[in-house]
Amino acid sequence: MSTTRLARAATTHDGMAGAIDMLHRAEGQLAHALIDLSDRHASDHEIHHVARDLAGWSREHVRRLADLGHSHGLDLDPEPAHEVAWAGALKQAGAELLGRRHAPIGMLLADLRNLHQKAAGVSLDWEILAQGAQATEDAELLALASECHPQTLRQLRWTNTHVKELAAQALTST
Amino acid sequence: MQRVDRIAAPWGTRTPYGRGETWPERRDLYLADGLAEAEVDRWVQTASVLHSNGDAMDIAVKDERIVGVRGRAEDRVNRGRLGPKDLFGWQANHSPDRLTTPQVRRGGELVETDWDTALEEVAGRTRDLLAERGPGSIGFYTTGQLFLEEYYTLALIARGGIGTNHVDGNTRLCTATAGEALKESFGSDGQPGSYSDIDHADVICLYGHNAAETQTVLWCRILDRLAGSNPPEVVCVDPRRTPVAEHATLHLAPRPGTHVVLMNSLLHELVEQDWVDHEYVAQHTVGFDELATSVAAYSPERAAEACDVPVAQIREAASLIGNADRLVSTVLQGFYQSHQATAAAVQVNNVHLVRGMIGRPGCGVLQMNGQPTAQNTRECGADGDLPGFRNWANDQHVRDLARVWNVEPSHIPHYAPSTHLMQMLRYVEQGSIRFLYVSGTNPAVSLPELSRIRSVLAQDRLFLVVQDIFPTETTQLADVVLPAATWGEKTGTFTNADRTVHLSEKAVEPPGEARSDLEIFLDYARRLDLTDREGAPLVPWKDAEGAFEGWKACSRGRPCDYSGLTYDMLRGNSGIQWPCDDQNPAGTERLYAGGRFRSSPDDCESYGKDLVTGASVEPTEYQAMNPAGKAIIKAAEFLTPHEVPSDAYPFHLITGRTIYHFHTRTKTARAAQLQAAAPDVWVEASHEDAAAHGWSEGDLLEVTTLRSAVRARLRVSGVRRGVLFVPFHYGYWDAGEPRPDGPGRAANELTSTAWDPVSKQPLFKTAAAKAEVVQKSDGVPSPAPRIAASRPVTGEQDTRGGDPAMVTEDFESTGGVR
């Protein structure tokens, strides 16, 4: 094998590993953002509960990416530490105290908007990874992407749905 | 002819019939004061209002007072039978504490006033808020107990006139999941099956549906089939040992919150054993392959563990369903008010689609309602949908509605789905809704987490209007109280859970100054000076029949088509099932015959939602998925419930009903026979749990959740182990004292604020609780009825009504009382 060919293989390999690494981080941040949203809006009960369910999906993606990372020479944390539990509980208590009186619809809208952007980034990262997996004929990675990416799209539809439902009230009646 | 104590024998005497035969008539009659039938001055046609079954009856009138009721033998729904609440509930109309005068709050107190003052205050506040804060500051919360004409008028005022998107009914608590599950599977709301399917079925499955107590006359029909030749097999899914469970071939009592696992495992078996109608699936459905993939992970073994049900029972249930020749399934609150409500209810639809058993005699799904007129709340746009099952996300549908109402399409809010009740309350809590007009419902007892509800409704910045027939826990919080006329005192139509439309005529005058809800809404609209785009009155009608004609025009061409009906057609005859139009002048017994659905992208009421997240499906996605308008087989994965038992709160807490009461007992507690049969709150636990904790019958227990506590006397019943049951009927208006600061008696002190993300129905049956004895029984019995699901686990049913509960039954054959 020529040196050029070897260098290209290494680059390809590094590229894929880099993409996995990046997505692993992004999914971890998305899981964190979902839990954060849930804690901050404990008095918006549907947001509070469903955001936690959706965070579960991202955590599972993180775990599976870490698992698959080994075959790409990566050593990724399958369960990155999140905020300590008491901090979340504090946020929830604060949200319940404040959330029952003041009018934080605008705040919720802003948080959902940020979350949507994060989820859109993750969605694109899965797209990128899937393209790479096809090019390198990495069946395992392609299977992972085709199982996880649809859930990211569902997370995106969820934020979009709530933004749509809240926007008019936030803009016209507070 | 026979006299029967119908408190002791709620289902009366058996009139057995065989498969495919006509259900025999049995005419039930109850007259007060020892009156004879011949002494009655006149009989006035109506149907029942204290449940969703729609039993046709006549009101007996003597000296301008209601004196009794008689079942209508000619009617398709009940063939003359009535349930205990039908027989005795009418007496509440005469209760001396009816609201008879409008009231307004002055200096913190409610004082009596005249209609002009009260309604001017309501209209004035509406006008002020519209000017200051816009239509988003105004909300309407109605019920499942008014008449069609009233809902349609309210929907027109709110959506077409005021232009608010905040309109919902307490149907959100009872039937929202039924409507949503039908939309998800068939593209549009509308009950596929018919009660007459019971006559033809060989297998009947009841999912979370204690029909014996919630729809007594429908249960009579099943009991009469069971007593006849070729009886059906009955499969019961319920955590309590209900009468349905006792009569069932097979009773599955899954752990609360695991319905999706159970249903997925049944579907897993249907696929695995190839009990699938492949031709039907290929021709009339989309989504089967996704379902087959999804349920592959739900083996009976996995379900047995998650649901705590023997694996053999799951296999046997699947085998009964898989080998059924004609299958009927019914679903109610056990599924609708529990974790993953819509996802579970949709899987029942999937069973029928996979088996190709829909739209034929004996092959039907009945996604039930909890209230008498809930169907009309859904149809008329008085809940979270546009009138006539129109699709808010389809501009053509909105334009068509604007044409009917002669308003600008842009004036009808359709930028988002109609705001559901729990979100409206959130807006009230946050102060963006400042005006809430509540009609015919008692949220201060019926909604979850009551301490929160009270604090939301009691806010000074909220202007609360309550329109009702009795003082309630909610009227106490109101700024204006409007006294309404009730059933028997006004004319209108309503539609039961199998699409049967009945006319209900005015029999007597309402008490005092009370007015029909329709009159009140019309007066409100006049005062707001609501007009169409030509400046003519927006609400052109003056009476119920005029409103009905308006509704006929609005419903024409839609799935719930009433255009072929008239008051005259409904007078003197059996009720008629919609759609009733030029093609179906006698009505329609079953929807979706021949696999023809109302689900094409330009016709469907909804493009659907993600069954787990509740996110909306976009129109383009729906178009790609279902271009030809087939039924939609939609899979759903199980999610762990959000509140599960722990060491600190080791029990599942579920709430529910008894046969003798309806809702917060505003009527049934004022009917002596019903109130005596179930006078006070109780809590049920299993024999195993009682033994483990040293509890015995009649002990006063304090049941506590993360929210609050309730005290109630224990009934050791047939409820599954690990589960506590508390009936939700009991509040504070007749407790002899105002609500105490400590433990209460309303079950909803305990429930959590959580709802199904798809149907937005609150989850009353998903809470974790602990319980301890605060006082031993010392011979004081539990006030629970000794009958039906609350029957003592040891001992016979012996709740009796005695002389005041004797009812005449007129029929030809008999199969004995049961």
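In chain B, what share of the contacts with a separation of 6 or more comes from residues 24 or more positions apart? The share is 76%. Contact here means heavy atoms within 4.5 Å.

## Basis of the model

This is a predicted model: local features need pLDDT of at least 70, side-chain atom pairs count only at pLDDT 80 or more, and totals for chains, interfaces and linings use all residues. Residues are numbered from 1 along each chain as its sequence is written, chains are lettered from A and ligands numbered from 1 in the order in which they are written, and side-chain values use heavy atoms, with hydrogens and water left out.

## Chain B overall

Chain B holds 26 helices and 29 strands. Both are DSSP runs numbered from the N terminus: helices are H or I with at least four residues, strands are E with at least two. Chain B has a radius of gyration of 25 Å, close to the 28 Å that the globule rule gives for 818 residues, so it is as compact as a globular protein of that length. The radius is taken over C-alpha atoms, and the rule is 2.2 Å times the number of residues to the power 0.38. Along the principal axes, the C-alpha atoms fill a box of roughly 65 × 65 × 60 Å.

Of the 818 residues in chain B, 70% are buried. Buried means under 20% relative accessible area, exposed over 50%, and partly exposed in between (1.4 Å probe, protein chains only). Chain B exposes about 24400 Å², and carbon and sulfur atoms supply 48% of that area. Areas come from the Shrake-Rupley method with a 1.4 Å probe; for residues, only the protein chains shown count as cover. The chain carries 81 positive and 110 negative side chains, and the centres of the two sets lie 1 Å apart. Lys and Arg count as positive, Asp and Glu as negative; His and the chain ends are not counted. Each charge is placed at NZ of Lys, CZ of Arg, CG of Asp or CD of Glu.

## Domains of chain B

Chain B is divided into four parts: domain 1 (2–94 + 805–810), domain 2 (103–174 + 373–595), domain 3 (183–368 + 598–632) and domain 4 (651–785). The bounds come from an automatic or database domain assignment. The C-alpha centres of domain 1 of chain B and domain 3 of chain B are separated by 32 Å. Between these two domains, 22 residues of domain 1 are in contact with 28 residues of domain 3.

B:T171 is found in helix α4 (residues 171–174) of chain B. B:T171 counts as buried, at 1% relative accessibility. Beyond four places in sequence, its contacts include B:T143, B:G144, B:A176, B:Q371 and B:D383. B:T377 is also in contact with B:T171. The C-alpha atoms of B:T171 and B:T377 are 7.2 Å apart, although the two are 206 residues apart in sequence.

Helix α5 (residues 176–186) of chain B has 11 of its 11 residues buried, so it is largely enclosed by the rest of the structure. B:A176, B:E180, B:K183 and B:E184 are among its buried residues. Their cover includes α4, α14 (333–336), α15 (341–355), β15 (364–367), α16 (374–380) and β22 (631–632) of chain B. Just after α5(B), B:G187 takes a positive phi of about 80 degrees.

## Loops and backbone exceptions

Most residues other than glycine have a negative phi, and most peptide bonds are trans. A cis peptide bond joins B:W578 and B:P579, with omega about 0 degrees. B:P579 lies in the loop between β21 (576–577) and α24 (619–625) of chain B. B:R665 has a positive phi, near 65 degrees. Its loop runs between β23 (651–656) and α25 (672–677) of chain B, and B:R665 is buried at 0% relative accessible area. Phi of B:K760 is positive too, near 65 degrees. B:K760 lies in the loop between β27 (723–727) and β28 (767–775) of chain B and is buried at 5% relative accessibility.

B:P310 lies in the loop between α12 (300–307) and α13 (311–322) of chain B. B:P310 counts as partly exposed, at 45% relative accessibility.

## Chain A

Chain A has 5 helices and 0 strands. Of its 174 residues, 47% count as buried. Chain A exposes about 8700 Å², with 57% supplied by carbon and sulfur atoms.
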